[in-house]
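I opened my notebook to work through this structure one topic at a time.

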Amino acid sequence: MSSEENRLRLTILGGFLGAGKSTWLRHQLFAETYDQPHVIVNEVAPHAVDDTLLAGARCLDVLAGGCVCCDQKEQMIELLHSICNDRSRMQDVPQTRQLVFEMSGVADPGQVLTAIQNDPILNRHILLEEIIVVVDALHGLEQVRTEPLSRCQIEAADQILITKTDCCDAQTLETLLATLKQLNPASECRASVFGVEEPLPDASSAQPVPLPDLDGQTEEPLSSVSLNLDESGTDVNTWVGFSVWLSAMLHTHGNHMVRVKGVVRTPGGRLLLQSVRKVMQAPEILPDLPLGGERSSDNTVVLIGRGLNHERIHNSLHHVMTKTAN
Amino acid sequence: MCSACGFPPAVGHWTDAGGQTPTERLRIRFSRVALLNELLKPLGLGAHDLGVQPGIQISNGMGQTKLCQTLEEAWDQVEILSGTSFDPLNVV
């Protein structure tokens with residue numbers, strides 16, 4: 001497990017067609033936000049255009065002619081294998097530690113992550129850092145109203161980036177913000193114009209737009225439940241109780257869960273847990289904090305999903321924890 | 001391939017990540033089956049971990065035992081062996 005820190009950090013950049021993913025990434029490469037990243041670009045069109053925009057990457061690979069979450073999945077896995085392979089072979093050459101994956105506008109980030117997590121090789125070499133989803137301020141509202149895919153993308157996001165904010169009026173932007181917050185309450189929203197960060201208005205008083213049902217799916221908005229494990233101690237039993245409980249939850253209610261995130265203190269170190277839908281990522285061991293420097297966010301895990309009953313969840317975790325202690 | 005259990009080598013499941021030393025890992029495995037036994041009792045199932053051999057054994061008290069590589073697989077087997085699903089929200 002000590003090799004965890006050596007894994008490639010993966011940033012997934014998603015968002016609907018024409019949302020401004022490449023424009024944003026182009027500016028980040030120019031501004032050197034990422035340390036010499038290896039960039040992968042996926043395009044649905046058979047001829048890639050965007051890659052010519054992305055000079056400045058240490059390495060650039062293009063997967064064109066299909067979406068990576070369905071028909072190009074095998075090619076994606078193959079490409080990632082070869083990247084990991086090259087990286088392991090050339091250990092004496094300084095290597096990039098950052099992978100930025102710009103997905104096509106019709107890809108679902110959750111599916112891509114599942115494919116990576118289920119691959120025994122990639123699982124050991126790649127660590128998801130964050131999922132950034134770009135939303136267009138002009139068309140975003142219409143997209144979340146009509147496109148199930150657009151909602152899927154937003155729900156999977158850790159960070160939502162609203163682009164083209166200079167082209168829309170303040171009220172639309174506030175409504176969009178409120179709607180995004182309703183769809184994914186745990187994400188962080190930021191605004192950017194041509195890749196440069198812009199301030200966001202305060203949308204606490206704005207009303208979200210009503211979201212109609214799509215494809216007969218029940219589109220109940222997401223809600224989040226915070227679980228605090230502190231009262232249960234930090235020994236083996238906490239981890240056993242919590243991991244057994246959470247694995248059973250993901251097994252039985254995984255389809256209603258969109259995201260699980262949190263840091264748990266275990267005998268083996270502080271573990272960062274992250275899941276997208278049913279798939280839990282191999283936990284990352286975080287460095288220990290200096291003595292007395294306890295983080296208040298430690299041992300707090302957030303579940304995000306649909307139809308979560310707060311009381312039942314808290315009670316059930318409590319019962320399982322009590323049984324562990326006995 | 002492990003000559004004891006026949007499982008091909010695999011990435012550790014996330015639920016196995018809590019311990020660094022062999023002792024810690026073993027303690028986690030044993031207290032995990034103890035908890036599983038508590039939870040599965042109402043379904044008429046039992047869990048067992050040999051310790052020297054990877055995997056969790058789930059048995060139904062009628063002679064059927066399944067060796068599961070991970071906890072995730074164990075929940076699948078619980079459903080198959082008991083004929084019902086285990087819902088953690090119903091634990092009392």
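I looked up the contact between the chains: 27 residues of chain B are in contact with 32 residues of chain A. Two residues count as in contact if their C-beta atoms, placed from the backbone, lie within 7 Å.

I noted that this is a predicted model, where local features need pLDDT of at least 70, side-chain atom pairs count only at pLDDT 80 or more, and totals for chains, interfaces and linings use all residues. Residues are numbered from 1 along each chain as its sequence is written, while chains are lettered from A and ligands numbered from 1 in the order in which they are written.

Helices (H or I, at least four residues) and strands (E, at least two) are DSSP runs, numbered from the N terminus. Helix 1 of chain B gives the most, with nine residues.

Next I looked at the sheet of chain B. Three strands form an open sheet in the order 1-2-3, with antiparallel pairing. Two strands pair if DSSP finds at least two bridges between them. The edge strands are strand 1 (46-48) and strand 3 (65-68) of chain B. Strand 2 (residues 56-59) of chain B pairs with strand 3 of chain B over four bridges, and Ser59(B) stands opposite Thr65(B). Helix 1 of chain B packs on this sheet, touching strand 1 and strand 2 of chain B. Helix 2 of chain B packs on the sheet too, touching strand 2 and strand 3 of chain B.

Then I turned to chain A, which has nine helices and 14 strands. Eight strands of chain A form an open sheet in the order 3-2-4-1-5-6-7-8, and the pairing is mixed. Its edge strands are strand 3 (59-64) and strand 8 (196-198) of chain A. Strand 7 (residues 188-193) of chain A pairs with strand 8 of chain A in the antiparallel sense over three bridges. Val193(A) stands opposite Val196(A) in strand 8 of chain A. Helix 1 (residues 21-31) of chain A packs on the sheet, and the strands it touches include strand 1 (8-15) and strand 4 (98-102) of chain A.

Last I checked the confidence. Chain A averages a pLDDT (the predictor's confidence in each residue, from 0 to 100) of 81, and 88% of the residues score at least 70.

Conventions
Axes are lines fitted to C-alpha atoms, for helices over the stretch in contact, and angles run from 0 to 180 degrees between N-to-C directions.
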